[in-house]
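Dear colleague,

Please find below the structure I am handing over to you.

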Amino acid sequence: MFGSGPETGQGNSGVSGPHLIPMRFVWPYGGRRVFLSGSFTRWSEHIPMSPVEGCPTVFQVICSLSPGYHQFKFFVDGDWRHDEHQPFVNSNYGVVNTVFIAGEPDMVPPSISPGTPGRSNMDVDDVFIHPEPVTTISDADLEVSRHRIAAFLSRNTAYDLLPESGKVVALDVNIAVKQAFHILHEQGIPVAPLWDSCKGQFVGVLSALDFILILRELGNHGSNLTEEELETHTISAWKEGKEHLSRQIDGNTRSYPRCLVHAGPYDSLKDVAIKILTSKVATVPITHSPSQDGSFPQLLHLATLSEILKCICRHFKHSSGSLPILQQPICSIPLGTWVPKIGESNGRPFAMLRPNASLGAALALLVQAEVSSIPIVDENDSLVDIYSRSDITALAKDKAYAQIHLDEMSIHQALQLGQDANSFNGQRCQMCLRSDTLHKVMERLANPGTRRLVIVEAGSKRVEGIISLSDVFKFLLGV
């Protein structure tokens, strides 16, 4: 349909028009289907790019363009991308690559081959690059954006999060931990509220962190984790001893909330988000009691930051220009945790592990570093997988917890147990680039099941950092 690309400024009638200059665009970072679009197509057409013979990860296309200033982006497997190794600038279409064409070419640029050294992702003849740095957002724009987001969250309530239909799983405090373990795994959920029928109240939540602490504790008292050992622990008995165990692990540096952190349906979304952030929990139950004393409340929903972020994205979808921070690349704003550069110290080491590291080492790091996930990398620090707290529920499959030694099972083996149950849309590792805009990162984190994005280097997938939902909300709310 497009041939070698659009012929901007010249038709087929034979009438002389503006001089067109052939340009070769190249995307060298792989993919299944790659397209090119830009100002020269009025952003309305996607030009298909073809893999280079002998190098299937490199895609190219030749376009005939008129001299002047052009913007362009690549559409790779359904995602808009730009090459951070070429000049880029903020625009109405997000972060885009730029090029300035001057003069007339003598010939079409030579084809790229895998053995051609020193070729970039965009090779042109008689083309002069006009670099424009990404501007840093002003304090005024930052405050305006934060104020508008806070105002929106204050106007809307947790009632807006309630689905038209659905179910919420709650657990009785008197059931065995082993049974609760299986329920979370079978339901595919990382957390469940706890109901105490004697008190007529929800008294807490059972999360993946509880199982991590239980398995580590049982591992300290015996060489095997047996089903009988888990059978003796009820949720109620475990919760009574958890605070003492937590003090031993944390050295009194962190206190776990004794009371359930919850919200009502008419609490503002801002209040719900702040409760999640300050309590360091993944979800807040939304409850409502018809009685004045608050007894026997109804469990309506489990609110998450992902849902609240989705509300923000939906509300500002057609007015993103009112939030200047949305078009800022994440590398230009204080967001997330980054791998420190050589000679740089950020006061807190960035946790990564190899696939052959033991499951015991991963669980210890999750608890001691107070992180919810650990990137799994190869010898080049390129992302291979990610191990999260919720992955621990995979040990309920075929009662694997009764047959393992934490220090003998590798992370790779542990992930294989739950690769089907815990994958999200067939992809566990949700990634982004340092040059991606905050808007793009927010849209990805708003997807159900996504709690974090690993920042990787284009092409090599070398880990550069990680951004969580809580990171985004701390930045948006200025807390």
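Asp172 stands opposite Trp195 in strand E13. Please note that the model is a predicted one. The pair belongs to the link between E12 and E13 (residues 191-196), two strands that run parallel and are joined by two bridges. They are part of an open sheet of three strands, ordered E12-E13-E14, with mixed pairing. Strand E12 (171-172) and strand E14 (201-207) form its edges, each pairing on one side only.

Eight of its nine residues are buried, so E6 is largely enclosed by the rest of the structure. Its pairings are as follows:

- Strand E2 (residues 34-38) runs antiparallel to E6 and is joined to it by five bridges; here Leu36 has Phe74 as its bridge partner.
- Strand E9 (residues 94-101) also pairs with E6 in the antiparallel sense, over five bridges, and His70 has Val99 in E9 as its bridge partner.
- Strand E7 (residues 79-81) is antiparallel to E6, with three bridges between them; Phe74 stands opposite Arg81. E6 and E7 form a hairpin with two residues between them, and Asp77 in the turn has a positive phi of about 50°.

Finally, there is a helix contact. The axes of helix H1 (residues 139-155) and helix H7 (residues 305-315) come within 11 Å and cross at roughly 115°, which means that H1 is roughly perpendicular to H7. The crossing is right-handed. Ile149, Phe152, Leu153 and Arg155 in H1 meet Ile308, Cys311, Ile312 and His315 in H7. Of these contact residues, six are nonpolar, one is polar and one is charged.

With kind regards

How values were computed:
Residues are numbered from 1 along each chain as its sequence is written. This is a predicted model: local features need pLDDT of at least 70, side-chain atom pairs count only at pLDDT 80 or more; totals for chains, interfaces and linings use all residues. Side-chain values use heavy atoms; hydrogens and water are left out. Axes are lines fitted to C-alpha atoms, for helices over the stretch in contact, and angles run from 0 to 180 degrees between N-to-C directions. Helices (H or I, at least four residues) and strands (E, at least two) are DSSP runs, numbered from the N terminus. Angles under 35 degrees count as roughly parallel, over 145 as roughly antiparallel, 65 to 115 as roughly perpendicular and the rest as oblique. A crossing is left-handed if the near helix is turned anticlockwise from the far one by less than a right angle, and right-handed if clockwise. Contact means heavy atoms within 4.5 Å. Ala, Val, Leu, Ile, Met, Phe, Trp, Tyr, Cys and Pro count as nonpolar, Asp, Glu, Lys and Arg as charged, and the others, Gly among them, as polar. Two strands pair if DSSP finds at least two bridges between them. Buried means under 20% relative accessible area, exposed over 50%, partly exposed in between (1.4 Å probe, protein chains only).
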